[in-house]
Structures are given as C-alpha cells and as structure tokens.
Amino acid sequence: MTAIDHVPQYLAGGHAALTRDEAMAIMDRLVEHLRNGTTDQAAAPLEIPISYYLDPEQWQREVTEVFYKIPLPVCTSAEVAQVGDYKALRVVGKEIILVRGRDGHLRAMLNVCRHRAMKLVPEGCGNSRRGFVCQYHAWSYDHEGRLTGVPGEDTFGEFEKDDYGLVRLACEERAGIVYVCLTPGREMDIDAWLGPVLPYLEALELDKCTHFVTKELPGPNWKVTLDGYLESYHFGALHPNTVALTNHANRATNDRFGPHVRNVFALRTLDAMMDKPREEWDPAVAMGLVYWIFPGMSIAGGMRERTVISIMLPGDSWGESMTWQTTLLRTPPQTEEQMTEAEKTAEWFFAAFRDEDYTAQTDVQNGLQSIPDKHMIIGRNEIAVQYAHDTLARLLDGRPVHGERTI
Ligand code: FES
Ligand SMILES: [Fe+2]
C-alpha cells in the first residue's frame, strides 16, 4: 500500500465543466445513492470467459481491428504546445512521433528513418527548431517529415527523395487531446467519433491548461488495466489509505455518450453538503468527475484546478500495456509552496495507481493464467466495465457502436 504522507487537496476551481443544472442533476443522483446505499447499475451481471483476456489471437484482433483503426488518444496538446515541440513514443507496437510545425499544426508520423528503418528520435519530449537527424547515417527530415538531407549524396546514388519522407499518420487535436490513427493512409472522423461527448470535453478547457508533469507506468494486459479505471467498487478494499479517504466506494453515476462514458464518484465532502440548502452545494468539491474516452483515456478532475489524464494503451504483446499519466494545471503554481503541493499531489496520484491499482492488476493477470478455462463475473454495479467490453465487442464484430447519447 502507498505510504501516506500527503492527502491531496481537491482545489475547487469553480470551473464550468458542466452547467450548474447538469452538475446539480448529477449531485441529486449521488445524494440518492448515498441515502439509499445504491449506485447506477447495469441490467444484470455479465459473465466473461477468462480466455477473452488471455487469448493472443483475440488480442491481435483487438490491435488490428480496433487500435489500428479508431482515433486513438495518445497525448495532451499541452505536452507539445510550442512550435518545434515533439513527443516520440511507442504505442501498440508502433514508433510514432508528434511534432508541431511552424504553422502551428501538430503532425503525426512513424518515427522511423526511411533509409534503413532506424528509430529516428529517442522516446521522450523535446523541441527541435529545424527537424530531426537520424543517428545512424545522419539523414535529416523537417517538421513535416520531408527528407531534407542525405550525407554523401553523390556516393549514394540517385533516388526520388520525395518518396522517402517519414510515413504520415492522420492526426487531430480536439479539446486539448491529440488523436492519431495508427494505420498510414487511413483517415479518421474525430468529430463523429467523439460525437455527443465532445462539447463536454471542450467545456473542460484542457487546451487552456498548463502541462505540469507526465509520468509513465508499465502495466499488464490493457483490458485488465482498463477494468480498474471504470468502477469505484474497489475503492474501499484496495485503496483504504488513499482514494477511499476522499471518495465513497460503490456510489457513482454512469452516463454514456456513444462509446465513451462519464463516471461520477461521490466524494466524502458530499456527506455534510447534502444536508445543507441546495444553493450552498458545490459540485466542484463533491463530485469526482471522470470521462472515459474509449479505448484508453481517463480524464479526472473536471471542475477542479488540476486534471489528471491517464492514457493507457496496449504494449508490444497481450500481457503488456503502457500508461502516460499527465497532470494539467489551470493556474501555474505561483509560489514555491504551491509548486511543492502540486508535485506532492501528482506523485500521490501516481503512487496510488502504481502501488495499488497496477499492482493488483498484475496479480489479476497472474490469476487469470491460473484459471484459463473459467469465467469471471462483472457486477451490475460495474456498469462502465460492462459497457466498455460491449463497445469492444461491437467494434470487433463490425456492428455500430452505440450511436446516441443515453442520458
Ligand atoms: S537508418 Fe537513418 S540514416 Fe541510415
Ligand atoms: Fe483504483
């Protein structure tokens, strides 16, 4: 369990991520759940064969039919905010690089030199004024991926340089998040994909926030890891000294927007607030607002000063995932004290994920391998877990994802 030397402050920013009416409607549902000992539920428990998690062929289908086709959230715009900023990362077995050009546009390319396929830029973030130079034979490329320099060109022989630019990927930014399609040449309709959740993401104003920190966390199978993000049922048992100090377990609302969901967890501050007049209710400090954008991004924070964005994607094989956890701030720290507080809070969140969630999920993966012919069962109270697997099944079967807003 995480050593607790710091309880995070939920700084209410009073930010209008929801209208007062929308927020109050959710508050009413949470209060009802607290008074009655209830939570939003699915129609029935869902049994899932363990092989669904373990089967490498199933995993490969998920990668090729889903992860290589849909718009994938891969980082925050704030990480690559300035001209020349780049981020190189490995996602779902592909080397990619995002770079902001002089025109302000962010472009995504495969991070692979076209001479003899060396990884062009080491993983990580940076700023490059002119472009990139391969460390193998020093071929150079500009921000748009054009091949601009071939050392010893007169000895190399003639070839069409325009054919040997970096391989481009479709890339779009919406509401402060960067989406990429991992299949070269494949377009994506990001507005249609986000659909009814987009106005809510825009209201978060993540594009106006400042990047504070991004931490990386390797984990087990992406579906095992995903399940842990989508329910509060585990808060009391797994997080008694961290998350459960501030959040109620198993008291949550769930709303659905096409493939995406919004989970709102009842915070402990609601206990006292709900007995006060409604005008005095402050949703910013009583609701744990979390958007889940299929298939791998959680945006937690909503109306508060700080937002924690976790982007979790499959790794190179069925048993691996990688998470990038980014803290964005609405107001950059002004004093040393504020800076220290923000650092401690970011570390506190990260440590809770690493030492509690991801440790448990690694144990789950080991457990699954011991009972490969059995089923697991997802409760009615784990409604968002059920919904995510239903969405995945629809995509794999070629059926439409849930189109309409279901609240
Ligand atoms: S592989 Fe990049 S320059 Fe040769
Ligand atoms: Fe958790």
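How many of the 407 residues of the protein count as buried? The share is 44%, where buried means that 20 or more other C-beta atoms, placed from the backbone, lie within 10 Å of the residue's own.

This is a predicted model, so local features need pLDDT of at least 70, side-chain atom pairs count only at pLDDT 80 or more, and totals for chains, interfaces and linings use all residues. Residues are numbered from 1 along each chain as its sequence is written, while chains are lettered from A and ligands numbered from 1 in the order in which they are written.

View 1. Helices (H or I, at least four residues) and strands (E, at least two) are DSSP runs, numbered from the N terminus. The C-alpha trace spans about 80 × 55 × 40 Å along its principal axes. With 407 residues, a compact globule would come in near 22 Å for its radius of gyration, and the protein agrees at 22 Å; that radius is taken over C-alpha atoms, and the globule rule is 2.2 Å times the number of residues to the power 0.38.

**View 2. Where domain 1 meets domain 2.** Domain 1 takes in 20–64 + 196–397, and domain 2 covers 72–188, with bounds from an automatic or database domain assignment. Their centres, taken over C-alpha atoms, sit 31 Å apart. Here 22 residues of domain 1 are in contact with 15 residues of domain 2 (contact: C-beta atoms, placed from the backbone, within 7 Å).

**View 3. The open sheet β2-β12-β11.** These three strands pair antiparallel, and two strands pair if DSSP finds at least two bridges between them. At the edges are β2 (72–76) and β11 (171–174), each pairing on one side only. Four bridges tie β11 to its antiparallel neighbour β12 (residues 177–180). One to look for: glutamate 173 has valine 178 in β12 as its bridge partner.

**View 4. Strand β14 and its hairpin with β15.** Ten of the eleven residues of β14 (residues 247–257) are buried, so the rest of the structure largely encloses this strand. Seven bridges link β14 to β15 (residues 260–267), and the two run antiparallel. Arginine 256 finds its bridge partner, valine 261, in β15. Two residues lie between the strands of this hairpin, where glycine 258 takes a positive phi near 60°.

Notes: Two residues are in contact if their C-beta atoms, placed from the backbone, lie within 7 Å. A residue is buried if 20 or more other C-beta atoms lie within 10 Å of its own, exposed if 12 or fewer, and partly exposed in between; C-beta atoms are placed from the backbone.
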